[in-house]
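This report covers salt bridges, a chain interface and a sheet. Please keep the sequence and the 3D view open while reading.

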Amino acid sequence: MPNEAFSRVLQACKTTTNPGAYIAKWRAGRQDPRAIGFFPTYVPTELIIAAGALPVGVWGGSIAVSHANAYIQQFTCSIVRSVTEYALKGTFDGLEGVLFPPICDSVKLISSSWKLNFSERFLVEMVNLPERLDSEASVNYLASELRRVAEVLSQRLGRPLSDDSLRSAIALCNRVRAVQERFYRWRQTAAGAQATLADVCTVIKAGTVMDAEEYVPLLEEFLASTAGDAQSGLRASGVPIVVTGLACQLPHANFLALFESSGLRVVNDDLFFGMRACGQIAVDGDPYLNIARGFADSPAMATRYHSRKLRHELVLDEMQAGGAKGVVFLIPKFCEPEWFDLRYLRHEMEQRKIPNIAIDFEEDPGMIGPAQTRLEAFAETLA
Amino acid sequence: MDVKYFAGIDIGSMTTKCALVDASGTLVSSALVPSGARIRVAREAALDGAVAKAGIVREQITYLVATGYGRKRAEADGQVTEITCHARGAIYLFPRTRTIIDIGGQDTKAIRVGANGDVSNFVMNDKCAAGTGRFLEVMARALEVDLEDLGPLSMQSTSPQRISSFCTVFGESEVVSHLANGSEVKDIALGLNEAIAGRVVGMLRRVGIESEVTMSGGVSRNIGMRSCIEKLLDCPLNVSENSQIVGALGAALIGREQWLAREHKKLESSDAQ
């Protein structure tokens, strides 16, 4: 734990770990407050904000899956299974709707299943993001798709969604992305290195639930307080590494803690990257085209190919920025996009003689001993 | 009493192994005991066994490194993962080793090593016991043969009974149903060894196979399994009579190095003063 200021940030961010409780608090005193959920890895939350609603990340968790077994087979990833379990238990009933991105076959199909089974409870809508990101046609297509989704949201919420409100939402989301980027830069300092991977993930994940008007000042104030960190005399310990993964969901905090307890120090990661990747989106001009262009210009991930920047190039950038000695591929069990990417990514790392290891996880941490042995052995090879 | 020895304890799910090396880094003795439920008891028993065989006293053990799944709970001067320890132990026994396959009671490991014993890549099986010593133990029980007889028995077969389940519970049901259908025990034994060998070689391919290949762990005593893996790899396996203590041996050797490094540091700091 680096300092008291960071403890305060963490505490505030942890208020979002129960989204239902956070939403209830957020609603207090607001006129006709609405919340729209979105499934990771990327949905343009600017649309939700512009429609006057709170975007809320729909994340899975360590929950015993029982009801969802009637809808989904056992060998589907634990993320889809746990999220559906939450939905069946009414956890998302406070949401007006949920937007899905077409990130993998399981998510595409589960969104259809939700539409068929839960439409009476809330809106279920797919944002049909394009497969290819490297053509102008993709940008034009996505802009038109975003207009369609905006219309759906506007009708559902009974509110107009103007171009100006969308521009304001872009500006607000730009601030979220900018402050998260600054937070990542702080994390690479000796003082920031005292924050664990679980801490960093708590802060970034909170950005998918907390109202941006609350989240941005929280982080900006904290980062302003770190100006004197260089004189803190703190030294970072552990072997510096990068963690890369799809991160529709994260492992349990006990699992994340294995990184530090194994002698590793995560200096960079692309977890939750879907929501961070777009960088700064142009505010002036056609807002739909601008969002589409921001998405198209972002680097590749396991769920989006044909990008101008390939995924291994992103990982290499992350390594260089943090001075990492190795890479851990953190992959949800049964995650097809990640496992299909792994061979290519490891090949690229091995060609450059970069040590790397793949660790898989499920929502429920269960037995973490084998993962601990793998991470410790990896740390030993890097030491 | 002044002669120093270094101990490595490998606390596995089924067996606890202890190896002792002397100050020159030469293996002097080893012992194996069932792990049981109490790690401390197994540690003491394995250590006592190795000490007795070496004809030394416990006080001569200068440094002890624990490895294996029980390493965190064992009293020791250092703890090192079984991956690193197996690599070091295999290189000691077979210096030209570049690939290691270890099949223990609870897990299977495929490890790539450099000439100095440094690990360059590794994979481990998942949390279930598919294709491990425990799997074979359950299957031997279903076949009503001793675990030690499974290998020689399988060598008598020319018509393996294909086994498709890797889950230990389903595998046992499959074996029982083959027996009920009149399959011969030797054919089922060969089918089991072939199934596990295929899985193991698949793991080896994930780390890349480079000769020489050394096999360690309790399952390396199964001659039928060795034969199946050799056929799939199309190359001979190095298997030492000490194949079960490779991890403990590596731990002892690493313990010696850690102690030497510590002593060297002490000397340096006293010189500086």
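## A charged trio in chain A

A:Arg148 counts as partly exposed, because its relative accessibility is 30% (buried means under 20% relative accessible area, exposed over 50%, partly exposed in between, with a 1.4 Å probe and protein chains only). The model is predicted: local features need pLDDT of at least 70, side-chain atom pairs count only at pLDDT 80 or more, totals for chains, interfaces and linings use all residues, and side-chain values use heavy atoms, with hydrogens and water left out. Residues are numbered from 1 along each chain as its sequence is written, while chains are lettered from A and ligands numbered from 1 in the order in which they are written.

Which residue forms a salt bridge with A:Arg148 at 2.8 Å? A:Glu125 does, with that distance taken between the closest N and O atoms (a salt bridge is a side-chain nitrogen of Lys or Arg within 4 Å of a carboxyl oxygen of Asp or Glu). This pair links distant parts of the chain, 23 residues apart: A:Arg148 sits in helix H6 (residues 136-157) of chain A, and A:Glu125 in strand E4 (residues 123-126) of chain A. Helices (H or I, at least four residues) and strands (E, at least two) are DSSP runs, numbered from the N terminus. A:Glu125 is buried, at 11% relative accessibility.

A:Glu145 also forms a salt bridge with A:Arg148, again with 2.8 Å between the closest N and O atoms. Both residues lie in helix H6 of chain A, three residues apart, about one turn of the helix. A:Glu145 is buried, with a relative accessible area of 7%.

## Other salt bridges

By this rule, the count over all chains comes to 39 salt bridges. One of them joins B:Glu263 to B:Lys266, with 3.1 Å between the closest N and O atoms. These two are three residues apart in helix H8 (residues 246-272) of chain B, so about one helical turn separates them. B:Glu263 is partly exposed at 25% relative accessible area. B:Lys266 is partly exposed at 46%.

A network forms where salt bridges share partners: A:Asp32, A:Arg34, A:Glu96, A:Arg156 and A:Arg159 are joined in one.

## Where chains A and B meet

The contact (heavy atoms within 4.5 Å) takes 16 residues from chain A and 15 residues from chain B. The size of an interface is often given as the accessible area lost when the parts come together. Here the buried area (accessible area, 1.4 Å probe, that two parts lose on being put together, summed over both) is about 1300 Å², with 48% from carbon and sulfur atoms.

Two salt bridges are counted between chain A and chain B. On the side of chain A that touches chain B, helix H14 (336-351), strand E8 (356-361) and helix H15 (369-382) of chain A each supply at least two residues. H15(A) gives the most, with nine residues.

## An open sheet in chain B

Five strands of chain B form an open sheet of mixed pairing, in the order E8-E7-E6-E9-E10. Two strands pair if DSSP finds at least two bridges between them. Strand E8 (119-124) and strand E10 (237-238) of chain B stand at the edges, each with a single partner strand, so one side of each has no neighbour in the sheet.

Strand E6 (residues 99-103) and strand E9 (residues 213-216) of chain B run parallel, joined by four bridges. B:Thr99 has B:Val213 in E9(B) as its bridge partner.
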